[in-house]
Amino acid sequence: MSETKESAPNEAEARDWPPNIKAVFKRMAPASRYLGLEILDADPAARTVEVAFNASTELCNMWGGIQGGMVAAMLDDVMSLAVGLDLEWGQISPTLELKVSMLNPARPGRIIGRGRVIKRGKSVGFIEGELLSEDGTLLATGSSTATFVTLKRKEKPAG
């Protein structure tokens, strides 16, 4: 499967990425790697992200289009990255609800994803995302609701 660009680790070190983006450079989730995720930009002040998915034919259905569940997974990834921009270390933002509208067939190749936080409350965030082909055709849009969870530290056994 596709990895992040060869320059990604150097770029990660050279740029002051938000913690959730640094975590992706450090250890990408297997599902994101399978989708071909590549981080392009993140703006914590605007709460926006831009990514690319280098979609392989392994994501396709029998008719050659990217399977709808894979499109939904791409949107979930991009929206999760957007809502996670201002989380602190030890916090996660699980998706509570996801809606996807398929507007045009997605095909293998480079797909651009953009995510933005619409509203962030104390415990819930509302996010929107879109996927575009390289020529700018809008492929799919999505909206999501996420909650914010602080993970508990594992206690070391006494000994």
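Helices (H or I, at least four residues) and strands (E, at least two) are DSSP runs, numbered from the N terminus. By that naming, Gln67 sits in the loop between β2 and α4, a handy place to start a tour of this predicted model. Local features need pLDDT of at least 70, side-chain atom pairs count only at pLDDT 80 or more, and totals for chains, interfaces and linings use all residues. Side-chain values use heavy atoms, with hydrogens and water left out, and residues are numbered from 1 along each chain as its sequence is written.

**The sheet**

- Let's begin with the strands: an open sheet of 6 strands runs in the order β1-β2-β5-β6-β7-β4, with antiparallel pairing; two strands pair if DSSP finds at least two bridges between them.
- β1 and β4 (95–102) are the edge strands, each pairing on one side only.
- On average, neighbouring strands of this sheet are turned by 20° against each other, direction ignored; axes here are lines fitted to C-alpha atoms, for helices over the stretch in contact, and angles run from 0 to 180 degrees between N-to-C directions.
- β1 and β2 pair in the antiparallel sense over 6 bridges, and Asp41 has Glu50 in β2 as its bridge partner.
- These two strands, β1 and β2, form a hairpin with 4 residues between them, and Arg47 in the turn has a positive phi of about 55°.
- β2 pairs with β5 in the antiparallel sense over 8 bridges, where Phe53 has Ile111 in β5 as its bridge partner.

- α4 lies across β1, β2, β4, β5, β6 and β7, running at about 130° to β6.
- The 16 residues of α4 should span 22 Å at 1.5 Å a residue, and its end C-alpha atoms are 23 Å apart, which agrees; the expected span is 1.5 Å times one less than the number of residues.
- At the start of α4, a side-chain oxygen of Gln67 comes within 2.6 Å of the backbone nitrogen of Gly69.
- Gln67 is partly exposed, with a relative accessible area of 37%, and touches Leu59, Cys60 and Asn61, not counting residues up to four places away in sequence; contact means heavy atoms within 4.5 Å.
- Gln67 and Pro105 are 38 residues apart in sequence, yet 9.2 Å apart in space, C-alpha to C-alpha.

**The core**

- The largest nonpolar core has 34 residues, and Ile39, Met74 and Ile111 have the most contacts inside it; such a core is a set of buried Ala, Val, Leu, Ile, Met, Phe, Trp, Tyr and Cys residues joined through side-chain atoms within 4.5 Å.
- Elements giving two or more residues to this core are α2 (19–26), β1 (37–43), β2 (48–55), α4 (68–83), β5 (109–120), β6 (124–133) and β7 (138–147), and α4 provides the largest share, 8 residues.
- Leaving aside neighbours within four places in sequence, Ile39 is in contact with Trp17, Ile21, Val24, Phe25, Glu50, Val51 and Leu81.

**A buried glutamate**

- Glu130 is found in strand β6 and is buried, with a relative accessible area of 17%.
- Not counting residues up to four places away in sequence, Glu130 touches Leu75, Ile112, Gly113, Arg114, Arg116, Leu138, Ala140 and Thr141.

Methods:
Buried means under 20% relative accessible area, exposed over 50%, partly exposed in between (1.4 Å probe, protein chains only). A polar contact is a pair of N or O atoms within 3.5 Å; within protein, one must be able to donate a hydrogen and the other to accept it, and residues adjacent in sequence count only if both atoms are side-chain atoms.
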